[in-house]
Amino acid sequence: MITVIGWDGAPLSTRASDCVREATLVAGPGRILRHLDLPEPGGELLTTLDEHLEHGEGPAVVFTEGDPGFFGVVRELRGHGLKPAVIPANSLVSRAFARAGLNWEDALVVAPDGPGRLNRVVNACRAHHKVALIVAPGVGPAEIARELAPTTPRALIVCEDLGGPDERVTHSRMGEATTRPWKDPDVVLVIDPLYRPAEAAEAAEATWVAGARPGPDEWAVEGDLPPEVSAYVLAKLGPRLGDLVWDVGAGSGGIAVECARLGAAVVAVERDDDSCARLRANVIRHGVKVALTRGQAPPALEPLPDPDAVFVGGGGPDVIVACAARLPSRLVCTLKTVEQVPSVLERLKQHGYRAEGTQIQASRLVVQPDGAHALAAAGPVFVVHARRVIWA
């Protein structure tokens with residue numbers, strides 16, 4: 001019998017105390033066991049539990065922070081084939097928001113794990129107005145602030161040693177967060193101080209589900225590209241939470257806005273002043289976050305963080321090659337003539353991409369003056385989509 005007990009600094013419940021008293025093995029983080037005056041068994045958790053169960057040495061207790069079923073050890077144990085009983089406490093995230101005096105049903109909660117974890121977390125912070133980061137090695141307040149500055153202003157609330165004797169909650173500017181020594185941070189709240197819901201009704205509707213807002217009720221709305229082309233481009237880009245997407249030659253930002261509505265962090269690159277104005281209006285109308293870089297590609301691309309996906313809606317082969325050189329996993333571009341397609345396919349192949357070209361031409365149903373219906377064909381658009389080949 002294994003019982004997992006969450007600890008949040010409060011005295012143990014009667015049930016938890018009884019489990020500890022009956023246990024022949026107690027394991028968990030050293031700081032919790034030391035605070036409770038319990039011996040530390042040492043060794044790797046799963047190995048220790050396997051040996052204990054193999055010898056039939058009686059009930060075991062595993063201590064952990066907060067709610068063990070919320071990004072906690074319960075998933076690890078069940079993945080190992082163990083089925084523990086669970087006594088939860090308040091999670092680190094709920095305690096962090098309580099200490100900050102903030103509601104959190106609209107917050108995104110991230111617990112970084114695995115390759116690329118810092119990039120994914122940073123992109124989530126770029127795209128979402130309220131993020132709770134459960135700190136992990138290499139992903140803490142300093143790293144987050146360093147990656148977000150200076151293009152994405154955020155306020156940081158750093159919670160250290162929650163429930164412990166050295167508990168501290170600090171409201172920090174990003175510049176301070178990169179240089180200040182932090183002692184055992186547990187959770188970082190990353191808040192957009194400029195966020196305002198586009199409409200009160202929209203804010204009220206969002207409260208029916210916790211976490212990230214639901215996706216748009218309609219996408220591939222008409223913009224610079226016909227919606228049929230936009231839908232195809234978005235399908236090949238695959239924008240998602242945790243991704244950074246570039247929209248190069250963004251025009252009025254149709255693709256940029258759609259990617260942001262689908263949860264990605266987005267940088268739009270555009271040189272034309274009128275197009276930039278339309279892009280800003282489009283962003284405001286849809287209530288999304290899009291970072292605008294004004295300038296001519298390729299030079300305007302140099303200071304940008306590396307993307308996961310790129311759409312090139314304007315610019316020649318040199319722009320496409322400059323984007324491919326940054327090694328996004330997906331790259332999509334639109335071309336004006338079919339004669340451009342072979343050279344672009346060849347250049348992408350040289351940069352390690354498997355690319356294909358598609359012609360899209362849609363015919364709209366229109367009503368003629370006499371009431372009859374007819375098809376009106378729009379001009380063809382040539383789309384090249386590519387994925388980077390990862391060799392084993």
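Biologist: Which residue does Arg21 form a salt bridge with?
Modeller: Arg21 pairs with Asp18, and their closest N and O atoms are 2.3 Å apart. A salt bridge here is a side-chain nitrogen of Lys or Arg within 4 Å of a carboxyl oxygen of Asp or Glu. This is a predicted model: local features need pLDDT of at least 70, side-chain atom pairs count only at pLDDT 80 or more, and totals for chains, interfaces and linings use all residues. Residues are numbered from 1 along each chain as its sequence is written, and side-chain values use heavy atoms, with hydrogens and water left out.

Biologist: Where do Arg21 and Asp18 lie?
Modeller: Both are in helix α1 (residues 14-22). They sit 3 residues apart, about one turn of the helix. Helices (H or I, at least four residues) and strands (E, at least two) are DSSP runs, numbered from the N terminus.

Biologist: Is Arg21 buried or exposed?
Modeller: Arg21 is exposed, at 59% relative accessibility. Asp18 is partly exposed, at 27%. Buried means under 20% relative accessible area, exposed over 50%, and partly exposed in between (1.4 Å probe, protein chains only).

Biologist: How many salt bridges does the count come to?
Modeller: 18 salt bridges. One of them joins Lys130 and Asp106, with closest N and O atoms 3.0 Å apart. Lys130 lies in strand β6 (residues 130-134) and Asp106 in the loop between α5 (92-100) and β5 (108-110), so the pair ties together parts 24 residues apart in sequence. Lys130 is buried, at 7% relative accessible area.

Biologist: And Arg168, which side chain does it meet in a salt bridge?
Modeller: Glu160, at 2.6 Å from N to O. Glu160 is buried, at 1% relative accessibility. Arg168 is partly exposed, at 32%.

Biologist: Which residues are linked in a network of salt bridges?
Modeller: Arg31, Glu65, Arg95 and Asp161.

Biologist: Switching to charge. How many positive and negative side chains does the chain have?
Modeller: There are 39 positive and 49 negative ones. The centres of the two sets lie 3 Å apart. Lys and Arg count as positive and Asp and Glu as negative; His and the chain ends are not counted. Each charge is placed at NZ of Lys, CZ of Arg, CG of Asp or CD of Glu.

Biologist: Now cysteines. How many disulfides does the count come to?
Modeller: The count is 0, taking a disulfide as a pair of cysteine sulfur atoms within 2.5 Å.

Biologist: What does Thr293 touch?
Modeller: Leaving out residues up to four places away in sequence, Thr293 touches Val267, Ala268, Val269, Glu270, Ala300 and Leu304. Contact means heavy atoms within 4.5 Å. Thr293 is in strand β12 (residues 291-294) and is buried, at 18% relative accessible area.

Biologist: Zooming out, how many helices and strands does the chain have?
Modeller: 14 helices and 18 strands. The C-alpha atoms fill a box of roughly 85 × 50 × 45 Å, taken along the principal axes. Of the 392 residues, 44% are buried.

Biologist: What share of contacts joins residues at least 24 apart?
Modeller: 62%, among contacts between residues at least 6 apart in sequence.
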